Amino acid sequence: MSIATIGAFAIGEFSEAVAVMIFYQVGELLQDYAVDKSKASIKSLLNIRPDYANVKRNNEIIKVNPEEVNIEEIIIVKPGERIPLDGIIIDGKSMIDTSALTGESVPKSVKAQDEVLSGCINKNGLLEVKVTKKFKESTVNKMLELVQNASDKKAQTENFITKFAKIYTPVVVLIAFIIATIPSIFFGNFAQWLYRALSFLVVSCPCALVISIPLGFFAGIGRSAKAGVLIKGGNYLEALSKINTLVFDKTGTLTKGVFEVQSINPINISKDELIKLVAHAESYSTHPIANSIKKAYAKQINNSIISNVQEIAGLGIEAIVEEKNILVGNEKLMLQKNINYIKSKEVGTVLYVAINKEFAGTILISDEIKENTKTVLNSLKQHYIAKTVMLTGDKKEIAEDVAKKLEIDEVYSELLPDKKVKKVEELLNNKNKNKTLAFVGDGINDSPALAVSDVGIAMGALGSDAAIEAADIVIMTDELSKIETAIKISKKTMKIVKENIIFSIVVKIAILILTAIGFSNMWQAVFADVGVSILAVLNVVLRKEYI
Amino acid sequence: MKKDIIKILIAFILFIISLTISFTPSYINTLLYIVSYIIVRIRNSNKSNKKYF
């Protein structure tokens, strides 16, 4: 631009030189405004950094910087205040607004012993919270760091534009030089060819591409953060738009990850009596299965009626409850103790119970499929995904039962974490090279698989540091439907980005040709240049709310 | 942003004056163009853009 305008001055075209510069600067001003606005919208979204914490020290409540609060200290959160640090409520109950972290607009009810995360707003009650993490490790700080660093990771398209601009600039300067010199040797009239060359330089500026492409990715990342999906960079947004294989972990992703008693099948005893005896026998165990039994019993355990509790490794438990001998465990336990039992045909973890060496029935414990999972998977398959795969460490029959219920295309069971990684690598090798594969996990046990896949998506990651570190995309809640939201945003973002690339390049080439052959003057050239930039920026700014 | 708008406005006014009024001697018009150009040229927004991305 500078060469062109100074050149115009040199050939006495003062008005054109100034007009070019003024209109160019007006275009730049508008672009700055768009970038500022986009940045401001992300900043407002992340305006969740707490300014202070009311900490209780020596029976006094003092206002301090959240960074100065230590673990185990007690903080007071008044109604209307933002929770400054992660912790556990020790007193009080309230409704908290988690929308800044999750995108969920419905307030959540919390009470003593519940975990609260920094960044949420306390709506009504007074809360006394015991701090569990330093500010640096807190959820709010992790989120801020993550989104702020997102623009550092450029998408393939952004990198292409940067490379393109590097080659493009010297090439157009060379062409302008050729236009100014070669034709004038043959046809004379150097001033006219110089003017054309200078107009050519004006129109060649690639600002529309350089500004509008990053702006598009910026808008997409901001929009998804608003929906509770944190995307760590434009590259992942682009990869997500090309997705055609979704690989899921089972426990905690497709299922709730919480074992619950599904059915009680008593023989010659009432259901209540059976669950009571089993809950008492299991009362000393902290195993998830024992916990689910105690949860199903839902009454106080009377320790005085329990004696001689023995854990039989890998088999189950033997105990005396109300002076009855209780055996609870798997089939092997029944075989070992010579109990005449009836084999259960149910799918899941089956507990066999014997009272005084007589078979008394079974209790089925299994994980529950999350609500809406099937609907979301069907919608994903209908619109975006060609293949769904489930990987699990669980038993074959349980895995197949879940896969059948959810209509998952491929299922691989009894996989240890390293085998899961190998399976993901195998799927990556066999997929279409132009498409991507995403692994969806709960982010803690699945870190290696999240890392090797094209796009690692961590579900329900709120408060889980491991998940935030390992994944490329972090879904703050455990709603599978957010995957569909993220894919939709990525596709719309890429559509806008591609529109801008095609529009800018096509118009630019057309004007360059017209200018080189003398069909447009410098004024028209500058209008074309500024016009394309403004239209490309407007294409992002006006449509970003609809992404 | 405000400063930039003011600079562009001043440059634009000078440009319009120079474009519409023919001063004598004529180098005043040239001078006005040059001043207008310098005012608007100072605004180097490329640097600020680079900062964003």
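Select helices α8 (residues 234-241) and α18 (residues 481-516) of chain A in this predicted model. Their axes lie 8 Å apart and the helices pack at an angle of about 100°. Because angles of 65 to 115 degrees count as roughly perpendicular, α8(A) is described as roughly perpendicular to α18(A). To see the contact, display the side chains of L237(A), E238(A), L240(A) and S241(A) on α8(A). On α18(A), the contributing residues are A486(A), I487(A), S490(A), K491(A), T493(A) and M494(A). By class, this contact of α8(A) with α18(A) comprises 5 nonpolar, 3 polar and 2 charged residues.

Next, select strand β20 (residues 436-441) of chain A, where 6 of the 6 residues are buried. Side chains in a regular strand alternate between the two faces of the sheet. In β20(A), one side carries T436(A), A438(A) and V440(A), the other L437(A), F439(A) and G441(A), and all are buried, leaving both faces covered.

Strand β11 (residues 243-249) of chain A pairs with β20(A) in the parallel sense over 5 bridges; here T245(A) has L437(A) as its bridge partner. Strand β21 (residues 455-458) of chain A also pairs with β20(A) in the parallel sense, over 4 bridges, and V455(A) is the bridge partner of A438(A).

Finally, turn to the open sheet of 6 strands in chain A, ordered β2-β1-β3-β9-β4-β7 with antiparallel pairing. Its edge strands, β2 (60-64) and β7 (115-116) of chain A, each pair on one side only. At the β7(A) end, 2 bridges join this strand to the antiparallel β4 (residues 87-91) of chain A. Centre the view on I88(A), which stands opposite E115(A) in β7(A).

Definitions and conventions
Residues numbered from 1 in each chain as written. Chains lettered and ligands numbered in written order. Predicted model: local features only at pLDDT ≥ 70, side-chain atom pairs only at ≥ 80, totals over all residues. Axes fitted to C-alpha atoms, helices over the stretch in contact; angles between N-to-C directions. Parallel < 35°, antiparallel > 145°, perpendicular 65-115°, else oblique. Contact = placed C-beta atoms within 7 Å. Nonpolar A, V, L, I, M, F, W, Y, C, P; charged D, E, K, R; others polar. Pairing = 2+ DSSP bridges. Buried ≥ 20, exposed ≤ 12 C-beta atoms within 10 Å, placed from the backbone.
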